[in-house]
Amino acid sequence: MGRVVLDTLRAPYDDREVWASLTPQEARQLAGLLLSEAEAVESRACTSEPHVAVVPLSGDAFEVTVRGHTLRVDQPLDDGGQDTGPTPVEMFVASLAACVAHYAGRFLDRHGLDRGALRVTADHTMAADRPARVATLTVDVHVPELPPARAGALEAVASHCTVKNTLQLPPTLTVRIHGNGSDPRPMHSSAASGDQPRR
């Protein structure tokens with residue numbers, strides 16, 4: 001019986017060929033899976049639902065929906081909130097810590113090391129001047145059983161998580177205001193505000 005050979009195009013930096021030899025049945029199964037995945041990606045791209053949506057609950061509390069997952073953010077009691085959830089800034093810091101943890105966990109898996117004792121902590125300070133912003137961020141990765149020879153490699157991997165890369169190479173950021181039937185208008189940044197900076 002003949003076989004179907006799948007040969008991928010090589011990038012200049014590839015040092016070996018990437019190909020697969022499949023039976024006709026395996027090729028049809030693979031084609032079906034690829035078509036299914038392509039349809040799923042296209043349907044997600046065409047949907048009108050935003051990736052992240054935020055709606056008010058009460059006071060300073062907001063409900064954040066991300067791909068069907070629901071989170072709540074609020075402000076501390078001493079800032080006028082009800083402290084029913086972390087602040088947006090705390091969520092921002094948490095996203096960095098969680099991203100580092102993800103990369104660290106994958107590193108431990110690849111090297112056959114137990115990720116069970118992995119613990120990532122993060123601290124931040126707020127800037128004393130305007131505009132309101134986070135001034136410093138510190139992330140600590142705790143891996144009690146990590147062999148010393150692996151520490152440098154883990155640091156290199158954890159230090160290049162997607163969130164950290166984004167902070168170091170900031171994206172183009174646009175905030176648009178949508179009014180009643182009007183076209184979206186970019187919001188101009190302004191440092192002049194009487195409101196207290198929120199966390």
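**View 1. Accessible surface and overall make-up of the predicted model.** The accessible surface of the protein, computed by the Shrake-Rupley method with a 1.4 Å probe and, for residues, with only the protein chains shown counting as cover, comes to about 15300 Å², and 55% of this area belongs to carbon and sulfur atoms. This is a predicted model, in which local features need pLDDT of at least 70 and side-chain atom pairs count only at pLDDT 80 or more, whereas totals for chains, interfaces and linings use all residues. Residues are numbered from 1 along each chain as its sequence is written, and side-chain values use heavy atoms, with hydrogens and water left out. Among contacts (heavy atoms within 4.5 Å) between residues at least 6 apart in sequence, 32% join residues at least 24 apart.

**View 2. Order of the secondary structure elements.** The protein holds 4 helices and 9 strands, where helices (H or I, at least four residues) and strands (E, at least two) are DSSP runs numbered from the N terminus. Along the sequence these elements follow the pattern β-β-α-β-β-β-α-β-β-α-α-β-β.

**View 3. The open sheet with the order 3-4-5.** Three strands form an open sheet with antiparallel pairing in the order 3-4-5, two strands being paired if DSSP finds at least two bridges between them. Strand 3 (52-56) and strand 5 stand at the edges with a single partner strand each, so one side of each is left without a neighbour in the sheet. Neighbouring strands of this sheet are turned by 25° against each other on average, direction ignored; the axes behind this angle are lines fitted to C-alpha atoms, for helices over the stretch in contact, and angles run from 0 to 180 degrees between N-to-C directions.

View 4. Strand 4 (residues 62-66) runs antiparallel to strand 5 and is joined to it by 5 bridges. The two strands form a hairpin with 2 residues between them, and arginine 67 in the turn has a positive phi of about 50°. Valine 66 stands opposite histidine 69, while threonine 65 stands opposite threonine 70. Threonine 70, which is found in strand 5 (residues 69-73), touches Glu63, Val64 and Thr65 when residues up to four places away in sequence are not counted. The C-alpha atoms of threonine 70 and valine 52, 18 residues apart along the chain, are separated by 10.0 Å.

View 5. Valine 100 is in contact with Val120, Val139, Val141, Ala158 and Cys161, leaving aside its neighbours within four places in sequence. A search of the whole structure finds 0 disulfides, a disulfide being a pair of cysteine sulfur atoms within 2.5 Å. The sulfur of cysteine 161 lies 3.2 Å from the closest cysteine sulfur, in cysteine 99, which is too far for a bond. Cysteine 99 counts as buried at 11% relative accessibility, and cysteine 161 counts as buried at 0%.

Definitions and conventions. Buried means under 20% relative accessible area, exposed over 50%, partly exposed in between (1.4 Å probe, protein chains only).
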